[in-house]
Amino acid sequence: MADVLVLNAGYEPLHRVSVRHAIHMLVRKVAVVEESVVGRTFGPYPMPRVLRLVRYVTMRWRYRRDQAPACTKAGVRARDGRCAYCGGAADTVDHVLPRSRGGASSWLNLVAACADCNARKADRTPQEAGMELRLVPHVPDLSWRPAA
């Protein structure tokens with residue numbers, strides 16, 4: 001069975017949940033069924049396709065156009081694609097300025113790296129390790145994201 005769409009009390013779509021989670025919401029009486037699968041029930045409840053929350057929930061969206069996305073290891077690897085030092089497959093991230101020297105875990109200080117280059121660079125800057133960065137770390141552009 002497909003996921004269940006959850007609407008806010010004002011009928012705005014919020015997110016999708018599993019059928020199991022939807023049934024829990026009905027049991028707790030935090031939502032009501034707006035649309036159900038014809039002829040199917042789950043105990044005393046119709047099998048939900050769309051739920052509506054009983055009370056309005058204010059959503060604070062994770063991203064806005066004027067904010068950078070949260071900096072994560074997966075995000076850095078997706079941004080860079082390859083190892084920033086040798087061009088090989090990137091399986092980790094590296095702090096350009098090591099954390100032990102005050103380097104932040106930010107888009108501008110993290111690059112994708114392979115395990116060998118990360119170990120070779122160790123707790124040094126690329127210049128100290130005799131390594132050259134093949135790319136310039138940058139904050140990814142979010143212009144393609146829909147407005148919140």
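**Exercise 1. The hairpin**

Find the residue with a positive phi in the hairpin of strand 3 and strand 4 of this predicted model,.

*Solution.* 
Step 1. Two residues lie between strand 3 and strand 4 in this hairpin. Gly43 takes a positive phi there, near 65°.
Step 2. Check the pairing on either side. Strand 3 covers residues 31-42, and it runs antiparallel to strand 4 over seven bridges. Ala31 has Leu53 in strand 4 as its bridge partner.
Step 3. Look at the other pairing of strand 4. Strand 1 (residues 4-7) joins strand 4 (residues 45-53) in the parallel sense, over three bridges. Here Leu5 is bridged to Val50.

**Exercise 2. The nonpolar cores**

Work out which elements build the largest nonpolar core, and which of them gives the largest share.

*Solution.* 
Step 1. Start with the members. The core holds 14 residues; Val4, Val17, Met25, Leu51 and Leu53 touch the most other members.
Step 2. Assign the elements. Strand 1, strand 2 (13-17), helix 1 (19-27), strand 3 and strand 4 each give two or more residues. Helix 1 supplies the largest share, with five.
Step 3. Inspect Leu51. Beyond four places in sequence, its contacts include Val4, Leu5, Val6 and Leu7. Ala22, Met25 and Leu26 are also among them, as are Ala31, Val32 and Val33.
Step 4. Move to the second core. This separate set has 10 residues, including Ala84, Val111, Cys114 and Cys117.

**Exercise 3. The cysteines**

How many disulfides does the model contain?

*Solution.* 
Step 1. Apply the cut-off: the two sulfur atoms must lie within 2.5 Å.
Step 2. Conclude: the count is zero disulfides.
Step 3. Cys83 is buried, at a relative accessible area of 3%, whereas Cys86 is partly exposed, at 36%.

**Exercise 4. A loop residue**

*Solution.* 
Step 1. Locate Thr125. The residue sits in the loop between helix 3 (115-121) and helix 4 (126-129).
Step 2. List its contacts beyond four places in sequence: Val96, Leu97, Pro98 and Arg101.

**Exercise 5. Confidence**

*Solution.* 
Step 1. Take the whole chain. The average pLDDT is 88, and 89% of the residues score at least 70.
Step 2. Residues 144-148 have a pLDDT below 50.
Step 3. Apply the rule: where pLDDT is low, predicted coordinates should not be read in detail.

Methods:
Residues are numbered from 1 along each chain as its sequence is written. This is a predicted model: local features need pLDDT of at least 70, side-chain atom pairs count only at pLDDT 80 or more; totals for chains, interfaces and linings use all residues. Side-chain values use heavy atoms; hydrogens and water are left out. pLDDT is the predictor's confidence in each residue, from 0 to 100. Contact means heavy atoms within 4.5 Å. Two strands pair if DSSP finds at least two bridges between them. Helices (H or I, at least four residues) and strands (E, at least two) are DSSP runs, numbered from the N terminus. Buried means under 20% relative accessible area, exposed over 50%, partly exposed in between (1.4 Å probe, protein chains only). A nonpolar core is a set of buried Ala, Val, Leu, Ile, Met, Phe, Trp, Tyr and Cys residues joined through side-chain atoms within 4.5 Å.
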